[in-house]
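Welcome, and thanks for taking a look at this one with me.

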2 protein chains.
Amino acid sequence: MSRPMVIQPVAVSFSQRRFNAAAILRLAWDVPALTASDAMSETGLTRSTVIALCDDLVDSGWLAELADARTAGEAYRKGRPAKRYALRGDAGVVVGVDAGPHRITATVADLFGRELGHAVEHVPTDAIETANRVSLTDGVVDAALAAAGVSAARVLCISLGVPAPTDQNGASPEGENSFWRLMNPGFAQHFAARGWATVVENDANLAAVAEGSIGAGAGAPSYITLLSGERFGAGYVVNGQLIRGTRGGAGEMRLLNLVENVGSADGIGLLLRDWVRSAKDSGALPAGSALNNVSLNNLDAPAVFQSADAGDPFAVQLIVRMADRLARICAVLAGLLDVDRIVIAGAVAEAADLLLERTRARLAEVTHTPAPEIVASPLGSGVVSAGAVRRALSYTRDHALDLVLDDTME
Amino acid sequence: MSRPMVIQPVAVSFSQRRFNAAAILRLAWDVPALTASDAMSETGLTRSTVIALCDDLVDSGWLAELADARTAGEAYRKGRPAKRYALRGDAGVVVGVDAGPHRITATVADLFGRELGHAVEHVPTDAIETANRVSLTDGVVDAALAAAGVSAARVLCISLGVPAPTDQNGASPEGENSFWRLMNPGFAQHFAARGWATVVENDANLAAVAEGSIGAGAGAPSYITLLSGERFGAGYVVNGQLIRGTRGGAGEMRLLNLVENVGSADGIGLLLRDWVRSAKDSGALPAGSALNNVSLNNLDAPAVFQSADAGDPFAVQLIVRMADRLARICAVLAGLLDVDRIVIAGAVAEAADLLLERTRARLAEVTHTPAPEIVASPLGSGVVSAGAVRRALSYTRDHALDLVLDDTME
DNA sequence: TTGACTAAATATAGTTGCAAAATAAACTCG
DNA sequence: CGAGTTTATTTTGCAACTATATTTAGTCAA
């Protein structure tokens with residue numbers, strides 16, 4: 001039990017004033033208006049110090065001093081009216097990007113998270129492997145900035161969601177078939193070179209971030225977001241913290257082939273399409289089913305959901321089969337990490353009422369102990385974009401004083 | 001996307017001097033001797049400040065000033081010899097307790113982690129549910145203190161490992177059969193009332209802590225410790241951090257009943273005993289097997305390991321069956337959490353060479369991607385005790401300046 | 001209108017905790 | 001013994017905060 005000879009690094013050297021200023025800025029971030037008294041009770045500093053720090057933050061462009069002392073419908077208060085400070089939503093902008101395999105979306109938002117502009121680009125199916133994703137994404141980002149009417153100099157942080165595990169530098173490992181590198185061809189380096197703080201993160205993890213702040217995970221200390229499209233990906237949040245894994249591979253779900261009656265990480269979209277098409281091919285699709293009227297091109301998950309909702313027995317049968325599978329996945333994940341809520345996110349979440357209902361019923365049979373709650377994401381197909389914006393905002397919030405505001409048009 | 005009205009707490013109010021003193025104490029904790037120059041480069045403070053802080057720490061009893069400036073066999077250095085400070089191992093003691101179902105162990109150690117005293121108490125099988133575990137444990141702790149020749153006033157922190165999930169206050173939830181409450185009947189409150197900093201933690205989590213600091217997990221950023229006895233329990237460490245779950249239930253492994261060919265969280269000890277006994281009962285035990293010569297009372301996991309090592313084919317067959325089960329568990333856990341090492345801990349780890357060898361082979365077949373490394377714990381049946389001591393030490397290290405040293409016999 | 005009361009802002013005077021710089025001490029080596 | 005090197009000590013000054021007193025801006029009741 002001898003002690004090692006290594007001296008561990010300790011973060012000590014910091015400017016106290018800067019530290020306190022950052023704390024006050026974080027307070028202002030979460031509140032529509034901040035008074036000196038609020039900040040005093042939160043930080044333990046005295047009034048003189050707080051006001052001096054707030055004045056500094058006003059000078060540097062992060063805070064605005066609100067004139068309307070008591071006008072803002074607040075409960076009546078005695079005494080001299082307090083100065084009120086607020087975060088300047090227009091101090092800068094952030095960019096959130098969903099860099100999916102066949103669709104790249106960029107959203108520009110102000111510091112309140114309000115969307116200012118938006119741009120989308122589709123990647124043709126036959127170009128998924130060959131497209132130059134870096135320049136493509138660069139273009140979409142510039143288009144979104146143009147739509148927002150904001151110059152690139154005002155961008156404080158950009159966050160990108162990619163369908164690949166990412167390490168702490170935002171790089172993705174060389175996967176089995178190099179798909180991961182294809183999906184994340186050095187985004188981190190490229191956008192950092194544009195002078196922006198850059199966060200590249202797995203798409204399911206960003207979905208989890210979105211659910212936690214504005215979606216179905218809000219208020220829960222621990223939850224899992226299951227992002228389903230062509231493949232399943234999971235984002236774990238345990239006690240308010242995102243679990244990423246050594247190489248960012250937590251939630252990659254390669255293990256599903258060991259779970260009974262699951263056998264792969266294929267997502268809801270892919271499986272339902274496969275099942276219904278192979279049923280048609282093999283003649284297993286009953287003659288009376290409404291799915292016979294759907295063209296082969298549109299014979300996919302949305303069609304199945306729609307027919308099931310309309311009561312088509314064969315479609316319902318497929319949904320039930322999927323519910324069993326989903327329930328097993330949920331049981332494994334919830335049991336492993338002791339979470340009490342699982343959020344189903346992605347485009348399927350918009351039409352999956354029946355599926356979730358059946359999944360909950362199946363889950364109650366599969367688990368003994370209190371089954372986790374299964375909820376649909378309210379964010380639909382924009383969940384990764386929303387998560388990217390939230391992630392960029394939280395990065396900006398945490399590193400605000402390290403960032404330089406563009407004062408030309410603030 | 002409106003901002004919530006809640007002001008989040010921010011930890012700001014602290015004494016800068018105290019903060020810096022704590023940082024220097026942490027440096028001294030990890031190193032046999034600390035010079036002012038070391039601390040200067042690590043903290044960014046100047047020599048005058050560092051020396052003033054060190055003198056404070058010497059006055060308060062945490063550090064000792066070493067006289068032997070250059071005698072300690074260090075490489076030759078020019079100039080005036082530096083003062084050298086070191087943590088006082090005798091500034092206080094910590095207590096680590098393994099409060100298992102049928103055995104309660106207490107270990108007293110100094111701040112270097114050197115064992116000073118030890119005491120054990122067995123809980124008779126028929127008293128497991130009725131014993132007053134709090135007073136029993138209290139007695140074992142006092143016996144260990146007496147064996148160490150230390151007064152209770154010198155205890156800085158006590159950590160207890162219990163076979164139950166624990167929340168952040170050290171309490172366990174009311175489980176299915178109240179077994180958890182039985183195993184953790186308010187330890188946290190009881191020992192806090194003795195004036196000691198108290199940490200109650202799940203036993204598998206403590207095993208993980210032990211492996212991380214002095215066992216097979218040392219140096220790995222992410223690993224899982226699989227504590228196997230009657231039941232499996234897992235401790236997850238991902239990126240250096242213990243994952244506890246909302247109610248401390250991460251690692252309870254209820255999920256195993258969904259994994260193909262596993263079906264329960266029963267541990268290696270329980271299963272091997274069941275398998276070999278039911279083989280004997282049903283006549284499946286071959287006449288030539290050495291296991292026929294073992295009395296029914298001793299027909300358990302150690303006997304199977306021993307016979308298998310001696311080459312008994314039936315025992316080897318049981319080991320292979322267990323290896324398949326273990327490999328599946330490891331594959332699921334490693335796949336879900338992206339860890340690259342799994343440590344098998346507990347009493348079985350001492351004799352499980354053959355089992356692990358077979359498990360590794362099976363694991364390579366079950367997973368495609370780089371299989372996680374499977375290693376045996378070097379800590380044997382003392383792993384939970386060792387983890388409890390390490391946990392108490394790390395708590396003491398992190399909260400040193402909040403603790404009061406007993407100056408009567410320091 | 002006036003004065004009592006309240007709560008915040010402002011001004012002024014310490015206090016703490018650190019850095020910077022100059023000086024002194026302890027040691028090695030030629 | 002003195003030049004060179006490294007650390008310790010002392011002095012001085014500054015940055016950042018606290019504490020306290022005073023002023024300001026409002027409400028409310030008589």
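The points below go from the domains to a strand and then to some aromatic side chains.

1. Please keep in mind that this is a predicted model. Chain A is divided into domain 1 (16–87), domain 2 (93–213 + 384–402) and domain 3 (220–378). Between the centres of domain 1 and domain 3 of chain A, taken over C-alpha atoms, there are 47 Å.

2. Eight of its eight residues are buried, so β7 is largely enclosed by the rest of the structure. Strand β4 (residues 93–99) of chain A runs parallel to β7(A) and is joined to it by six bridges; here A:V97 has A:L160 as its bridge partner. Six bridges also join β7(A) to strand β8 (residues 197–202) of chain A, again in parallel, and A:G161 stands opposite A:E201 in β8(A).

3. How many aromatic pairs are there over all chains? A search of the whole structure finds six. In one of them, A:W29 and A:W62 are tilted, 6.3 Å centre to centre with 40° between the planes. The two are 33 residues apart, with A:W29 in helix α1 (residues 16–29) and A:W62 in the loop between α3 (47–59) and β2 (63–66) of chain A. Both A:W29 and A:W62 are buried.

4. The rings of A:F187 and A:F191 also form a tilted pair, with centres 6.4 Å apart and planes at 35°. These residues are four apart in helix α6 (residues 187–193) of chain A, so about one helical turn separates them. Together with A:W196, A:F187 and A:F191 form one aromatic cluster.

5. Finally, A:R321 lies over the face of A:W275, 3.8 Å from the ring centre. In chain B, B:R321 lies over the face of B:W275, at 3.8 Å from the ring centre.

Conventions: Residues numbered from 1 in each chain as written. Chains lettered and ligands numbered in written order. Predicted model: local features only at pLDDT ≥ 70, side-chain atom pairs only at ≥ 80, totals over all residues. Heavy atoms only, no water. Buried < 20%, exposed > 50% of the residue type's maximum accessible area, 1.4 Å probe, protein only. Pairing = 2+ DSSP bridges. Domains from an automatic or database assignment. Phe/Tyr/Trp six-rings, centres within 6.5 Å; stacked < 30°, edge-to-face > 60°. Lys NZ or Arg CZ within 6 Å of the ring centre and 35° of its normal.
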